[in-house]
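Work through the exercises below with the model open. Each task is followed by a solution in steps.

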Amino acid sequence: VGLASLVHSAPAQFEELAKQVPSSTNAIAFVNVDKLLASPIAKRENWSAKRDHAFSSGISFVPPDTKVALLPMQLDFQIWQPVWEAALMELDHEPDQAKAVAMTGGTADTVIGREAVALPRDAYLIKLAAKTAAFMAPANRQAVARWMRDIDARKSMSLSPYLTEAYHYANDVGTPIILALDLEDAVTPESLSASLESSKEFIAEHKLEVSELAPLLFSIRGITL
């Protein structure tokens, strides 16, 4: 009953943004910024001021006037580095290309009919809708253009089944932050067994059997926090 009540009362904050997430996403964060900054710890530690500083200093490319944000990326699981990372944001105002150029020192551009700015910090800023903007890094114009064409062609979300489940926790239940990593098809059973064999001390210390542990780990679909 409690969960049903939460689902009924939670606003659908991420639905439109989720429809525009790149299809190759295998890791994503859903952040309800307004709800997060209203939390007791955020007020106590003055997170609002800290995010202003993080954006102005280049540590974060999520503007301080963001209401909700999706932070998708594609991770290379072999080296645990992002192939690309992005941010889709609902703002409290309409993005202005000229102001973005003036503030960042970037270069104005148009990508598949959308106002864009090539930023000095190796990222692209794109205006998606009246109060919606997106970033993608690194600043690969071709990748951005293909992403925009993909958005224009699709009729619904293209999140993987596992990430779709994580989306519902954020969108339907209203959890302020959801982090999800899709691990389906990321490794082979053989490579997993080989990795376990190289961890013999850990295996022995915890009295584990590789023959039993490998299939169990291989069955993990993903991780959600």
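Buried means under 20% relative accessible area, exposed over 50%, and partly exposed in between, with a 1.4 Å probe and protein chains only. This is a predicted model: local features need pLDDT of at least 70, side-chain atom pairs count only at pLDDT 80 or more, and totals for chains, interfaces and linings use all residues. Residues are numbered from 1 along each chain as its sequence is written, and side-chain values use heavy atoms, with hydrogens and water left out.

**Exercise 1.** Classify Asp152 by accessibility, then find its salt-bridge partner.

Step 1. Asp152 has 48% relative accessibility, so it counts as partly exposed.
Step 2. Apply the salt-bridge rule: a side-chain nitrogen of Lys or Arg within 4 Å of a carboxyl oxygen of Asp or Glu.
Step 3. Asp152 pairs with Arg114 at 2.6 Å, N to O.
Step 4. Asp152 is in helix H7 (residues 141-153) and Arg114 in strand S5 (residues 114-119), so the bridge ties together parts 38 residues apart in sequence.

**Exercise 2.** Which strands does the salt bridge of Glu90 and Lys67 link?

Step 1. The N to O distance of the Glu90 and Lys67 bridge is 3.7 Å.
Step 2. Glu90 sits in strand S3 (residues 81-91) and Lys67 in strand S2 (residues 66-76), 23 residues apart.
Step 3. Glu90 is partly exposed at 25%. Lys67 is partly exposed at 31%.

**Exercise 3.** How many salt bridges does the rule give, and which residues form a network?

Step 1. The count is eight.
Step 2. One of them joins Glu16 and Lys19, with the closest N and O atoms 3.2 Å apart. Lys19 is partly exposed, at 28% relative accessibility.

**Exercise 4.** Describe what lies at the two ends of helix H6.

Step 1. At the start of H6 (residues 97-104), a side-chain oxygen of Asp96 comes within 3.1 Å of the backbone nitrogen of Ala98.
Step 2. Just after H6, Gly105 has a positive phi of about 75 degrees.

Note on methods. Helices (H or I, at least four residues) and strands (E, at least two) are DSSP runs, numbered from the N terminus. A polar contact is a pair of N or O atoms within 3.5 Å; within protein, one must be able to donate a hydrogen and the other to accept it, and residues adjacent in sequence count only if both atoms are side-chain atoms.
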